Amino acid sequence: MSADELADLVKIEDPSFYDNAVPIYQRLQNEAPVFYYAPLDIFVLTKHEDMRFAAQRKDIFSPTGGLLLSEIMYKDPEEAKLLDVFFDPAGEMFSYTDLPRHRTLRRIITPSFTPRALQTMGSELEDSCRGLVDALAARQRVDFVEAVASRLPILFASRLLGTTSDDVTLIRKWSDGLENIGSGNLSPDELRAAAAEFKNMNAFFLSEFDRKRATPGDDLVTTLLDATLDGEKLNDARLLTYCALVLAVGTDTTRSLLAGMAIALAQHPDQLARLREDRSLMSTAIDEALRWTTPARGFVRTLLADTEIRGQKIKKGQRVYLLYSAGNIDPEVFADPLTFDITREQDIQHLGFGFGPHICIAAQMVKMETAMLFNMLLDRFSSWELAGEPRPLKHILRSGWHDAPLVFTPAVEAGAQPHPDLTGSKS
Amino acid sequence: MKIVTDLSICTGNALCAGTAPTVFDVSEDGYVIVLNEKPSGDAEALARRAAFNCPTGAITIIEEA
């Protein structure tokens, strides 16, 4: 009987389902941790351990049948074809490939995300970050998403790629267009509009490739132009696919994390104060914000062989949905999972970056970026609080916010260093 | 205990170096480097955590008699 009720409650392809999904996640974990969701012919996994297993065993759980719920929702072949405008199949996006090809394709850009590579970019990135923090007005309402969370990831990605455009608004438009196609609530016309916008992005990158061929730099575009695959240089389709992946896929996820951490700290002023006093907690605080926010709610896999999870038989060709946002509140892994706790030691890591060979390639970069930003915010401000209710995105994949109205209080107590701009910021 | 790594499945995403920086590093070309094969104390505990959380299972802890 309760299984019947769950069947009525679970609607993973409905963006509104995620407005209040936590009680349903908990029921799924207790009553049906491998839940067959008939409308999409997919098994929904909600236990952390099961998702670790599925994400790591690429020999059984393949990404080639689609990664996003939106991809398996667009059953109309015309709509499905529109997605090819975003990612030319000839670009062979590595996220969608099986081993060993996945490793070969991903390895081309791995060195650009190592801690060493990130260190060489450090000072430039600090300048970008400080610029945004310095521009924040104190003692008045600011939209943190607009002012910081949407901008910083684009500045980081642009530096990583080595692209010239500092037109954050333009790049954000492209990034938003890509995010929208995964939202699960676009009409065919809206899809076409997003596709048109994506063509502009590709044109921008093609001109950047010409520029970098003439003037190489210490950046990812130069690395891609130098790289060889199967004995050949990368063609334009491959180059564009890598760049789109970095710029568009990487930026909106980080925006969610930065906004999520700022909001959670505003809602927990005691923890904000504690983090400000003890910056050694920054690392566990960021992992907690990743767990708390889970910017990517989940990913799809298709079975390459019959298997069994918790006694549930799943056949070759059937799909599973790794619902990371549920795994990140699994009480078997996280004590008091609904409590935000910046001191939480995660012996078993959250799934905020995913797991297995597909784990977020930029995980260290994201952590570095987040630590840099929040250290600067905590230097300049003693606290911040919500000045209104942040509006959550309606999106089946992305957990995030349209805006986050905050009011920052400048640090003024003895020993703190008030920012010089503050003196003239309020008349 | 002793740490053994499998570079053929390492993704080089450096979560291990973030968790246990005195035990693991990642090379310029993106492969795990073991700085201390037999850590003890706090470093051992962090190394075990890093091994358990390695996304591809490229880090194995071998218990020694």
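The legends below describe close-up views of a predicted model.

**View 1. The largest cavity and its lining.** The structure holds one cavity of 30 Å³ or more. The space in the largest cavity comes to about 100 Å³. It is lined by 14 residues, and those closest to its centre are B:Cys10, B:Asn13, B:Cys16, B:Cys54 and B:Pro55. Sorted by class, the lining consists of ten nonpolar and four polar residues, with no charged residues.

**View 2. Cysteines without disulfides.** Over all chains, the search finds zero disulfides. A:Cys360 is in no disulfide, and the nearest cysteine sulfur, which belongs to B:Cys54, is 15 Å away. A:Cys360 has a relative accessibility of 25% and therefore counts as partly exposed. B:Cys16 is in no disulfide either, with the sulfur of B:Cys54, the nearest cysteine sulfur, 6.6 Å away. A disulfide needs its two cysteine sulfur atoms within 2.5 Å. B:Cys16 counts as buried, because its relative accessibility is 11% and the limit for buried is under 20%.

**View 3. A salt bridge between distant parts of chain A.** The side chains of A:Lys394 and A:Asp19 form a salt bridge, with 2.4 Å from N to O. A:Lys394 is in the loop between β11 (381-386) and β12 (405-410) of chain A, whereas A:Asp19 is in the loop between α1 (2-9) and α2 (22-31) of chain A; the two are 375 residues apart. A:Lys394 counts as partly exposed at 39% relative accessibility. A:Asp19 also counts as partly exposed, at 46% relative accessibility.

**View 4. A salt bridge between buried residues.** A salt bridge joins the side chains of A:Lys212 and A:Asp219, at 2.7 Å from N to O. Both A:Lys212 and A:Asp219 are buried.

View 5. B:Arg49 and A:Asp347 form a salt bridge in which the closest N and O atoms are 2.9 Å apart. The pair joins two chains, because B:Arg49 lies in helix α2 (residues 41-53) of chain B and A:Asp347 lies in the loop between α16 (324-327) and α17 (363-380) of chain A. With a relative accessibility of 18%, B:Arg49 counts as buried.

**View 6. A network of salt bridges in chain A.** Salt bridges link A:Glu92, A:Arg101, A:Asp230 and A:Arg238 in a network. Over all chains, the count of salt bridges comes to 34.

Conventions: Residues are numbered from 1 along each chain as its sequence is written. Chains are lettered from A and ligands numbered from 1 in the order in which they are written. This is a predicted model: local features need pLDDT of at least 70, side-chain atom pairs count only at pLDDT 80 or more; totals for chains, interfaces and linings use all residues. Side-chain values use heavy atoms; hydrogens and water are left out. On a 1 Å grid over the protein atoms alone, a cavity is a set of points where a 1.4 Å probe fits but cannot get out, and a pocket is an open set with protein on both sides within 12 Å along at least five of seven lines; lining residues have an atom within 4 Å of a point. Grid points are joined across faces, edges and corners, and a volume is the space filled by probe spheres set on the points. Ala, Val, Leu, Ile, Met, Phe, Trp, Tyr, Cys and Pro count as nonpolar, Asp, Glu, Lys and Arg as charged, and the others, Gly among them, as polar. Buried means under 20% relative accessible area, exposed over 50%, partly exposed in between (1.4 Å probe, protein chains only). A salt bridge is a side-chain nitrogen of Lys or Arg within 4 Å of a carboxyl oxygen of Asp or Glu. Helices (H or I, at least four residues) and strands (E, at least two) are DSSP runs, numbered from the N terminus.
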